[in-house]
Amino acid sequence: EGSSEQCIYGVRMKDWFTPDYSTVNLLTQNKRMTVDGPVVEHEGSAKAWGVNEGPFMIKRNGTYMLTFSVYHYEDINYQIRLATSTKPLESFTKIDPYNGGTVIRTTFEWDGILTTAGHHSFIEVGDEVYIAYHTFKNRMSIERGRALAIDKVNFVNHNGKEVMYTNGPTFGYQALPIEVSGYENVANVNNVS
């Protein structure tokens with residue numbers, strides 16, 4: 001449990017192609033909220049091993065947000081989680097998955113979507129951020145191969161901490177970014193009388 005083979009490391013780069021191996025540092029440890037912290041049981045299942053893999057990092061308002069996949073891709077719990085730090089190459093603290101730390105996942109109640117939300121990256125379009133992640137063509141099984149899905153990311157205050165939030169995974173058309181369409185949803189900032 002918590003083996004280093006299934007964890008995330010960071011390294012400073014000397015240039016685009018050359019890592020400075022003297023700076024290698026463990027950022028997250030599988031099944032632990034902090035590196036070397038106590039073991040928790042919400043990153044793996046009896047069906048498959050737990051992982052911290054497929055990482056992506058962005059900096060927002062002075063905080064480094066590290067996102068990563070947990071569980072096995074055949075497990076319905078396969079999802080993208082969030083950890084934060086004030087420095088990019090120091091240990092990250094995972095946000096509790098039941099308290100704002102789950103960026104995107106499938107739930108058992110959703111009809112038509114059973115497998116989704118794997119390795120990912122973020123795309124910035126103007127002031128908006130989108131998550132691009134792999135899912136499966138069938139959405140009910142992994143039989144027909146993988147597909148790409150994209151959902152809008154919102155940043156919300158959750159118990160005094162800024163976290164990422166999506167309404168996905170979705171299975172249909174999405175609104176174009178404001179930068180592309182020229183249209184913006186202003187219902188939440190205007191009064192109707």
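User: What makes a residue buried, exposed or partly exposed?

Analyst: Buried means under 20% relative accessible area, exposed means over 50%, and partly exposed lies in between (1.4 Å probe, protein chains only). This is a predicted model: local features need pLDDT of at least 70, side-chain atom pairs count only at pLDDT 80 or more, and totals for chains, interfaces and linings use all residues. Residues are numbered from 1 along each chain as its sequence is written, and side-chain values use heavy atoms, without hydrogens and water.

User: Why is Tyr9 called partly exposed?

Analyst: Its relative accessible area is 42%. That value falls between 20% and 50%, so Tyr9 is partly exposed.

User: Why does Phe122 count as buried?

Analyst: Phe122 has 11% relative accessibility. The limit is under 20%, so Phe122 is buried.

User: What makes Phe56 and Phe122 an edge-to-face pair?

Analyst: Rings of Phe, Tyr and Trp (its six-membered ring) pair if their centres lie within 6.5 Å; planes under 30 degrees apart are stacked, over 60 edge-to-face, the rest tilted. The count here is 1 aromatic pair. Its centres are 5.6 Å apart and its planes at 65°, so Phe56 and Phe122 are edge-to-face.

User: How do you know that Arg60 lies over the face of Phe155?

Analyst: The rule needs NZ of Lys or CZ of Arg within 6 Å of the ring centre and within 35 degrees of the ring normal. Arg60 lies over the face of Phe155, at 3.8 Å from the ring centre.
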